[in-house]
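Here is a quick tour of one protein model, written for someone who likes to know the cut-offs. Have the viewer open as you read.

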Amino acid sequence: MEVFSSRRDRWRAALGLLVVVLAFVGLYVALQRYAPFVFDDEELRNWIDQFGALAPLVFVVIQAVQVVVAPIPGQVVALVAGYLFGSIAGTVYSLVGVLIGSAIAFLLAKRYGRSFVEDILDEDVVKRFDGFVDRVGIAGLIAFVLVPGLPDDVICFFAGLTQWSLKTFMIVITIGRLPAYVITVYAGGQFASGQFLSALALVGIVISLSLFGLRNQEQIQQLVQRLEPKLPF
């Protein structure tokens, strides 16, 4: 079975992977030069400790903001949370931030309506996902959000345009987003403890799934819609 349908697709996939690798290398070089304490576990925790009780709050806010304005991939913040706070606390902080941001996006769309969503989102995104939440239902949306790399942040806005309650939406988004965040936060914890091989393996899994989801989001969307009538709820 061919993974890529054409030579052009193979080149595009290779280019995407190269961009990801170069981004990590660039980030590493920048941190080495401007924030070398990041690579010293003890110094980094000492730096965070100066914020005291506000340190977790800072990460929760950053994670929430990235959902609404999306300048930073959520998994990047989750990886940092695992490195700084450990697997359990990092998962809690990341998930709380994601849920707050998701709720804000949902409520903004609910309050200001379709014109607001159309103004802040790309026209192509609106065209592809308009009505998607209603079509796939609860189980379908969980299945969709489970795959990293898909535009789950924008789905929060579209969910706000439906008759769904905030409670239902939050349950769905929690179940759907939890697995990827648990893996990513745990990888950050592995980096902090010096388990670099296992950490890199976990990050590689998340990146691979994200690239797969990004490249095949339209096919995954169509598959979920076809399977929705057969899903249990």
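## Ring pairs and the aromatic cluster

Rings of Phe, Tyr and Trp (its six-membered ring) count as a pair if their centres lie within 6.5 Å; planes under 30 degrees apart make the pair stacked, over 60 edge-to-face, and the rest tilted. By that rule, F129, F132, F144 and F158 form one aromatic cluster. This is a predicted model, where local features need pLDDT of at least 70 and side-chain atom pairs count only at pLDDT 80 or more, while totals for chains, interfaces and linings use all residues. Numbering starts from 1 along each chain as its sequence is written, and side-chain values use heavy atoms, with hydrogens and water left out.

The count comes to 10 aromatic pairs. Take F129 and F144: their ring centres sit 6.0 Å apart with planes at 65°, so this pair is edge-to-face. F129 belongs to helix α6 (residues 123-129) and F144 to helix α7 (residues 132-145), 15 residues apart; helices here are DSSP runs of H or I with at least four residues, strands are runs of E with at least two, and both are numbered from the N terminus. F129 also pairs with F158, with centres 6.5 Å apart and planes at 35°, so that one is tilted. Since F158 is in helix α8 (residues 152-159), the pair ties together parts 29 residues apart in sequence. F129 and F144 are buried, and F158 is buried too (buried means under 20% relative accessible area, exposed over 50%, partly exposed in between, with a 1.4 Å probe and protein chains only).

## A closer look at D152

Helix α8 also holds D152. Is D152 buried or exposed? At 16% relative accessibility, D152 counts as buried. Leaving out residues up to four places away in sequence, D152 touches V145 and R177, where a contact means heavy atoms within 4.5 Å.

## Helix α3

Helix α3 (residues 54-69) has 16 residues and reaches 22 Å from first C-alpha to last, close to the 22 Å expected; the expected span is 1.5 Å times one less than the number of residues. Its buried residues include A55, F59, V60, Q63 and V67. An α-helix has 3.6 residues a turn, so residues three or four places apart point the same way.

## The whole chain

Overall, the protein has 11 helices and zero strands. Buried residues make up 38% of its 233 residues. Of the contacts with a separation of 6 or more, 73% come from residues 24 or more positions apart.
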